[in-house]
Amino acid sequence: MPGLLLGDVLPDFEAETTKGTIKLHQFLGDSWGILFSHPRDYTPVCTTELGRATRLCGEFGKRNVRMIALSIDSLEDHHGWSKDIMAYNCEDPDILSLPFPIIADEKRELAVTLGMLDPDEKDHKGMPLTARCVFIIGPDKRLKLSLLYPATTGRNFDEILRVVDSLQLTAEKQVATPADWKPGDCVMVPPSMPEEEAASMFPAGVYTKDLPSGRKYLRYTPQP
């Protein structure tokens with residue numbers, strides 16, 4: 001099945017959405033982007049996911065991230081479902097639309113191109129549904145991170161926010177983030193960086209963990 005690899009440029013597709021017709025690259029502009037797909041409208045897990053994405057939209061906005069969702073249902077269904085999502089969030093009943101667009105991919109053409117279909121999850125016609133994909137796109141329109149969840153498992157949007165923080169930090173600074181890293185935690189100095197260069201680049205200090213192997217590859221520094 002066609003799909004995307006890390007570093008690939010996202011196709012500059014045109015699509016009909018709840019916010020009108022968009023072209024992806026123009027929609028993203030100079031921003032980072034998150035494109036995330038959903039199996040179906042009017043389903044419980046998807047409703048909780050888009051509800052959570054709506055609540056966190058301001059946090060993604062602070063990080064210059066534009067969000068866009070995709071489902072294989074119609075625009076009419078998307079608009080109707082949006083009201084349910086806002087009600088789930090206990091939002092003002094007069095606010096009937098989500099803060100980000102949802103793509104209507106009824107023919108599954110975009111889902112096939114991007115490798116988003118789940119062959120094990122099918123609708124009543126036996127057609128495959130979209131999986132819970134997450135594509136994080138850099139300002140250069142290249143795929144920076146890809147996550148794939150089955151229909152039965154809802155995504156953790158706090159984790160998606162965390163990896164955006166890591167991707168943006170490591171794109172700007174020559175560091176890496178360790179397991180379970182959160183903003184403000186220490187980061188890791190790449191093993192390829194000489195000690196003299198690391199000392200100059202990280203004036204807050206570089207701390208090395210002593211290991212039985214004697215190798216000095218676990219090096220930490222406060223987040224720059």
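Predicted model: local features only at pLDDT ≥ 70, side-chain atom pairs only at ≥ 80, totals over all residues.
## The chain as a whole

The protein chain has 7 helices and 12 strands, and its C-alpha atoms fill a box of roughly 60 × 40 × 35 Å when this is taken along the principal axes. Of the 224 residues in the chain, 43% are buried. Among contacts with a separation of 6 or more, 64% are made by residues 24 or more positions apart.

The accessible surface of the chain comes to about 11,600 Å², and carbon and sulfur atoms account for 52% of that area. The side chains include 25 positive and 33 negative ones, with the centres of the two sets lying 4 Å apart.

Helix α4 covers residues 75-88, which makes 14 residues, and the distance from its first C-alpha to its last is 20 Å, close to the 20 Å expected at 1.5 Å a residue. Within this helix, H78, W81, S82, I85 and M86 are buried. These residues lie on the same side of α4 because they cover an arc of only 145° around the axis. An α-helix has 3.6 residues a turn, so residues three or four places apart point the same way.

The face turned away from the buried side of α4 carries E76 and A87, which are exposed.

## Surroundings of α4

The buried residues of α4 pack against α2 (44-55), and also against the strands β4 (65-71) and β5 (102-104). After the helix comes C90, a residue whose phi is positive, near 60°.

Conventions: Residues numbered from 1 in each chain as written. Heavy atoms only, no water. Helix = DSSP H or I, 4+ residues; strand = E, 2+ residues; numbered from the N terminus. Expected span 1.5 Å × (residues − 1). Buried < 20%, exposed > 50% of the residue type's maximum accessible area, 1.4 Å probe, protein only. Arc of directions from axis to C-beta. Contact = heavy atoms within 4.5 Å. Areas by Shrake-Rupley, 256 points an atom, 1.4 Å probe, with all protein chains shown as cover. Lys, Arg positive; Asp, Glu negative; His and termini not counted. Charge placed at Lys NZ, Arg CZ, Asp CG, Glu CD.
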